[in-house]
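Visitor: I would like to go through this model with you, one question at a time.
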Amino acid sequence: MAKIVTDVVCPFCGTLCDDLEVALSDDGKEILEVYNACAIGATKFLHSQASDRLTRPQKKQEDGSWKEVTYDEAADYTAKMLVDAKKPLMYGWSSTSCSAQGVGAEIGEEVGACMDNTATVCHGSTLIAVQDVGVPSATLGEIANRADRVVFWGCNPAHAHPRHMSRYSIFPRGFFTGKGSKSRQMIVVDPRNTDTAKMADVHLQLEQGHDYELLSAIRVAIRGEKLPDVVAGISKEQIYEVADTLKSGRFAVIFFGMGVTHSLGKNHNIDIAISVTRDLNDYTKAAIVPMRGHYNVTGSGQVWGWQFGFPFCLDLTRGFARYNPGDSSSNDLLVRDELDAVFVLGSDPGAHFPVRSVKKIAQLPSVCIDPHITPTSAVSKMHVPVAFVGVEVGGCAYRMDNVPIETKKVVEPPEGMLTDEEFLQLVLNRVRELKGAA
Amino acid sequence: MAAIQINLISGRTIQQGVAMESGKEKPAYRDACGILELDDAEFKRLGIFKNTNVRVSSEFGTVVVKAIGATQGPHPGLGWIPMGPWANALVDPNTYSTGMPTFKGTPVTVDVAENETVLDAIALITEECL
């Protein structure tokens, strides 16, 4: 009979589902099945068992082929690269635990690195906006129990956060939302007729990139002022109706995603979305929550927040923390040729940065720490596979609403494989040796 | 053959997520992300059938992907490539001092490339960068 591990936390998206059950083989070494997870989460657990998985670091040779090296050799290479560099970038940090992020931050301080996490291509605009105007927020538990007006703006949880609606935002029967989805009005704002939009009571199919105008129009409508006939492709009647729906709820929540953070206007789109939320609080209770992508990108911002005072785009090159998105952000640093080494952990800029930035990574000394083969590992000089956090090692992660949840170890990693925290500790020790501090 | 201008956006799909976690070096990742979703009207303007390879070009790059019918449409005037190296071959890297590249809303030209192949992720990034 298979052994079932319960209350497993899914290390894929920021929803951080904590009700997974994993069936293991009799000897507890192999994952046979994953219950309760979405298709992506289940695949993450099952793929960790792949027979073709890399289990040792490999270094790229002159001819482009890869040669297996030991973890000690990989740590030595990484430490030397970081110590020799004047301005290295240490990027990623979103698919790992908070304790590993802490060790990474120590290395960053020692070598004077620029440090950035995946918020830089995800919710960085949100972080800037929150610093500008603050944020009235709530936990997903409060939302499940109270929210009766739910807006998804520029996000598509049916695909990107597949269990968000069933666990927290639309379907659960909460204390004050006893009829589940029937207790709630669901509004989706998206230029596509997404699978989330198809479920909504109201879909505002706005013109792409005109979020600021539509949010501004909703503020006008909330105040009962006059609107032009059409704003961002949406009729004024529909805008007034949505404003009334939001005002008439007992608890409204706006979830938003890359549709607003990636479109022109960027942090200003979020500024005004937060302002809509603030305005709604004159009439009812309202909150706004970003749909964070990687399962621990939020934790990365938390760790750096308490260590350095800033959640991303850190520049530690002067011996103290500076923060200036646009200047100290990964893509700007890469495109401006300001870096002389790149270290990536728990992210894949090779797949998710504009190709102009990836070309720069390919030209520089570079190390990629990732369990998978990725476009980043393909252009890096050293690839260090590590154990999967949340599958083969536990560790703290922060959910999208800033609630910390301890992930679980389900199986042992392949023999001899290090976790990312263990590898980072090797690098940190070697960095200190090279700098004569230990 | 005609060429058309559309506005390109990208983002997650569940197929992209599953394929990504199954291994980005595998053909399934290319099949999930090396695609361009278009409305029927755009296929008519292009004069091609669905599932034909097309070349998509922007001010910032060019990539060959397979044009398929919109799965979450209609979305007139918009093209959709799931997030990944194919979309990122085209997007605007300018951050306008925010740190955030302009991933959504890239004007692109689409033309037919029936005889060209859609590269897998590793081949694509290697060809572009190394």
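Visitor: What pattern does chain B follow along the sequence?
Guide: This is a predicted model. Chain B has 5 helices and 6 strands. Read along the sequence, these elements give β-α-α-β-α-β-β-β-α-β-α.

Visitor: What radius of gyration does chain B have?
Guide: The C-alpha trace of chain B spans about 35 × 35 × 30 Å along its principal axes. For 130 residues, a compact globule would have a radius of gyration near 14 Å, and the value for chain B agrees with that: 14 Å.

Visitor: What percentage of the contacts in chain B with a separation of 6 or more is between residues 24 or more positions apart?
Guide: Of the 130 residues of chain B, 53% count as buried. Among contacts in chain B with a separation of 6 or more, the share from residues 24 or more positions apart is 74%.

Visitor: Which elements do the buried residues of H1(B) pack against?
Guide: Helix H1 of chain B covers residues 14–22, and its buried residues are Gln16(B), Gly17(B), Val18(B), Ala19(B), Met20(B) and Glu21(B). After H1(B) comes Gly23(B), with a positive phi near 125 degrees. The buried residues of H1(B) pack against elements of both chains: helix H2 (27–33) and strand S5 (78–82) of chain B, and helix H1 (39–47) of chain A.

Visitor: Which element gives the largest share of the side of chain B that touches chain A?
Guide: In this interface, 45 residues of chain B are in contact with 53 residues of chain A. Two or more residues on the chain B side come from each of strand S1 (3–11), H1, S5, helix H4 (85–88) and helix H5 (121–129) of chain B. The largest share, 6 residues, is from H5(B).

Visitor: How many residues on that side of chain B are charged?
Guide: The residues of chain B that touch chain A are sorted by class. There are 20 nonpolar and 19 polar residues, and the charged ones number 6.

Visitor: Which residues of H12(A) meet H3(A)?
Guide: The crossing of H3(A) and H12(A) is right-handed. From H3(A), the residues involved are Cys98(A), Gln101(A), Gly102(A) and Ala105(A). By class, the contact has 4 nonpolar, 5 polar and no charged residues. On the H12(A) side are Gly299(A), Ser300(A), Val303(A), Trp304(A) and Gln307(A).

Conventions. Residues numbered from 1 in each chain as written. Chains lettered and ligands numbered in written order. Predicted model: local features only at pLDDT ≥ 70, side-chain atom pairs only at ≥ 80, totals over all residues. Buried ≥ 20, exposed ≤ 12 C-beta atoms within 10 Å, placed from the backbone. Helix = DSSP H or I, 4+ residues; strand = E, 2+ residues; numbered from the N terminus. Contact = placed C-beta atoms within 7 Å. Nonpolar A, V, L, I, M, F, W, Y, C, P; charged D, E, K, R; others polar. Rg over C-alpha atoms; globule rule 2.2 N^0.38 Å. Left-handed = near helix turned anticlockwise from the far one by under 90°.
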